[in-house]
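Please open the structure in a viewer and keep the selection panel at hand.

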Amino acid sequence: MDQKNAENNTKHEEIKKLTPSEIRALAEEALNDIPPRVSRWADIMGLTYGRITIRNQKTRWASCSSKGNLNFNCLMMLMPENIKDYLVVHELCHRREMNHSKRFWATVEEYIPDYRDCEKWLKKNGESLMRRMW
Ligand SMILES: [Zn+2]
């Protein structure tokens, strides 16, 4: 591999890892941001939910249990506002449909009409963002 390729390769792999204190700060920020955001959307959507937990993980952005407990990744704080809203609405829609059926996506679309663009943003940026954890 010549020098130019070596440089390109380095550039490609250069993902700036977050430090433990940066992760703590993001988790703190998420604790202030996510619960009111969930509460606002749950009111709009007329849905209830259980506990909200903020996690530092590199496998998923968010999840919703069958009991309605919600988990959100603190890395969401590095995303644009509309993507945060999309992820919150996505999980809340699982309170109606515990699957990704047509009916589920129709519910998402009711509240986030451009949800496909949000999914595209996540496909494009999600992986490198996730790799900043640990
Ligand atoms: Zn889902």
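At what angle do α3 and α4 pack, and how far apart are their axes? In this predicted model, α3 and α4 pack at an angle of about 140°, and 9 Å separates their axes. The two helices, α3 and α4, are therefore oblique to each other, and their crossing is right-handed. Select Val 89, His 90 and Cys 93 in α3, then Phe 104, Thr 107, Val 108 and Tyr 111 in α4, to display the residues that meet. By class, this contact of α3 with α4 comprises 5 nonpolar residues, 2 polar residues and no charged ones.

**The whole chain**

Along the principal axes, the C-alpha trace spans about 60 × 35 × 25 Å. The chain has 134 residues, of which 21% count as buried. Among contacts with a separation of 6 or more, 57% are between residues 24 or more positions apart.

**Helices α2 and α3**

Now select α2, residues 20–45, together with α3, residues 81–93. These helices pack at an angle of about 55°, with axes 10 Å apart; α2 and α3 are therefore oblique to each other. The crossing of α2 and α3 is right-handed. On the α2 side, the contact is made by Arg 37, Val 38, Trp 41, Ala 42 and Met 45; on the α3 side, select Lys 84, Asp 85, Val 88, Val 89 and Leu 92. The residues of this contact divide into 7 nonpolar, no polar and 3 charged.

**The nonpolar core**

Turn to the largest nonpolar core, which has 21 residues. Those with the most contacts inside this core are Ala 30, Phe 72, Cys 74, Met 76, Tyr 86, Leu 87 and Val 89. At least two core residues come from each of α2, β3 (70–73) and α3, and α3 supplies the largest share, 7 residues. In soluble globular proteins, nonpolar side chains tend to be buried together. Centre the view on Leu 87: apart from residues up to four places away in sequence, Leu 87 touches Trp 61, Ala 62 and Met 76.

**Two loop positions**

Is Ile 112 buried or exposed? Select this residue in the loop between α4 (102–111) and α5 (115–130). Ile 112 counts as buried because it has 22 C-beta neighbours inside 10 Å, where the cut-off for burial is 20 or more. Leaving aside neighbours within four places in sequence, Ile 112 is in contact with Asp 85, Tyr 86, Val 89 and Cys 118. For a distance along this part of the chain, select the C-alpha atoms of Ile 112 and Leu 122: they lie 10 residues apart along the chain and are separated by 15 Å.

Finally, select Thr 48, in the loop between α2 and β1 (52–55). Thr 48 counts as exposed because it has 9 C-beta neighbours inside 10 Å. Not counting residues up to four places away in sequence, Thr 48 touches Ala 42 and Gly 68.

Definitions and conventions:
Residues numbered from 1 in each chain as written. Predicted model: local features only at pLDDT ≥ 70, side-chain atom pairs only at ≥ 80, totals over all residues. Axes fitted to C-alpha atoms, helices over the stretch in contact; angles between N-to-C directions. Helix = DSSP H or I, 4+ residues; strand = E, 2+ residues; numbered from the N terminus. Parallel < 35°, antiparallel > 145°, perpendicular 65-115°, else oblique. Left-handed = near helix turned anticlockwise from the far one by under 90°. Contact = placed C-beta atoms within 7 Å. Nonpolar A, V, L, I, M, F, W, Y, C, P; charged D, E, K, R; others polar. Core = buried A, V, L, I, M, F, W, Y, C linked by C-beta atoms within 7 Å. Buried ≥ 20, exposed ≤ 12 C-beta atoms within 10 Å, placed from the backbone.
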